[in-house]
Amino acid sequence: MDRQILWDCHMHSSFSADSDTPMEVMIHRAVETGLQGITFTEHLDPDYPVTPDNLDFSLDIPAYKEKLAELSDIYKDKIQVRFGIELGLQMHLGEYFDSLLSQTPFDFVIGSSHLVHGYDPYYSEFFEGRKEFLCYMEYFESILENISAYDGFDVYGHIDYVVRYGPNKNREYSYGRYKDILDEILKKLISMGKGIELNTGGYHYGLGEPNPCTAVIRRYRELGGEIITIGADAHTPDKIACAFDKAASVLEACGFRYYTIFKDRKPEFISL
């Protein structure tokens, strides 16, 4: 295996509303890919609005935990499998999330903004009749609102998620165009002791960049950020460890000599 990154710390299975892939299929593919370890980060988005495709972003955590423990034991001699979650942040959910995390021993918690004041950019209605620049700006402003309201996560997920779905995707997007708000987000996360992720989903969404883009990752490092996890955001087995060779190059170009994984909510740093 020629890639330098051997852990995929953001993936989903059929426990997430937007995946149909059984957990064991994902694990089997990760073993085939040569990874040393993976972390499942199933979606939990409370108060998610009704979607055109009727997805339900609740999560059966006891069933998820039980299945992961079973398969982790089965595959323990082939790969490490860790227990994570991706929380869909909204300003009013802090007390709910605190209660959940106090009762459930996750290894890793991603905090992500999927909804912008009730709308998910995944669906085109978020952009209808509006300027793309303002839609992106509102998304970034919502991140700042969410992380100011809640700090119970370990790493903030795919900071520029919104550009995956914009009418022009990232053709008119750059760190420089949104520098002030992105810097505010990064400085806030660093002051909170939180990491970010390099999400290679941007490559399989056709952006030619990770999420967030390389310039944002570089800026995070320049500002003193140290914690960075790597995940392909795979919902199907073919996307596991997608573009991890590119991710290693991005990390090195941005000044990182390591990446981060989590166990029992504690960071572990692995040299590239």
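Modeller: Before we look at any pair of helices, note that axes are lines fitted to C-alpha atoms, for helices over the stretch in contact, and that angles run from 0 to 180 degrees between N-to-C directions. This is a predicted model, in which local features need pLDDT of at least 70, side-chain atom pairs count only at pLDDT 80 or more, and totals for chains, interfaces and linings use all residues. Residues are numbered from 1 along each chain as its sequence is written, and side-chain values use heavy atoms, with hydrogens and water left out.

Colleague: At what angle do helix α4 and helix α5 pack, and how far apart are their axes?

Modeller: Two packed helices are described by the angle between their axes and the distance between the axes. Here α4 (residues 132-149) and α5 (residues 179-191) pack at about 20 degrees, with axes 10 Å apart; helices (H or I, at least four residues) and strands (E, at least two) are DSSP runs, numbered from the N terminus. That angle makes α4 roughly parallel to α5, a label for angles under 35 degrees, whereas over 145 counts as roughly antiparallel, 65 to 115 as roughly perpendicular and the rest as oblique.

Colleague: Which residues of α4 meet α5?

Modeller: Contact means heavy atoms within 4.5 Å. On the α4 side are Met-137, Phe-140, Glu-141, Ile-143, Leu-144, Ile-147 and Ser-148, which meet Ile-181, Leu-182, Glu-184, Ile-185, Lys-188 and Leu-189 of α5. By class these residues divide into 9 nonpolar, 1 polar and 3 charged, where Ala, Val, Leu, Ile, Met, Phe, Trp, Tyr, Cys and Pro count as nonpolar, Asp, Glu, Lys and Arg as charged, and the others, Gly among them, as polar.

Colleague: Which residues have the most contacts inside the largest nonpolar core?

Modeller: A nonpolar core is a set of buried Ala, Val, Leu, Ile, Met, Phe, Trp, Tyr and Cys residues joined through side-chain atoms within 4.5 Å. The largest one has 89 residues, and Phe-40, Leu-87 and Phe-140 have the most contacts inside it; α4 gives the most to this core, with 8 residues.

Colleague: Is Leu-59 buried or exposed?

Modeller: Buried means under 20% relative accessible area, exposed over 50%, and partly exposed in between (1.4 Å probe, protein chains only). Leu-59 counts as buried because its relative accessibility is 13%, although its place is in the loop between β2 (37-44) and α2 (61-74). Not counting residues up to four places away in sequence, Leu-59 touches Phe-15, Glu-42, His-43, Leu-44, Tyr-64 and Ile-85.
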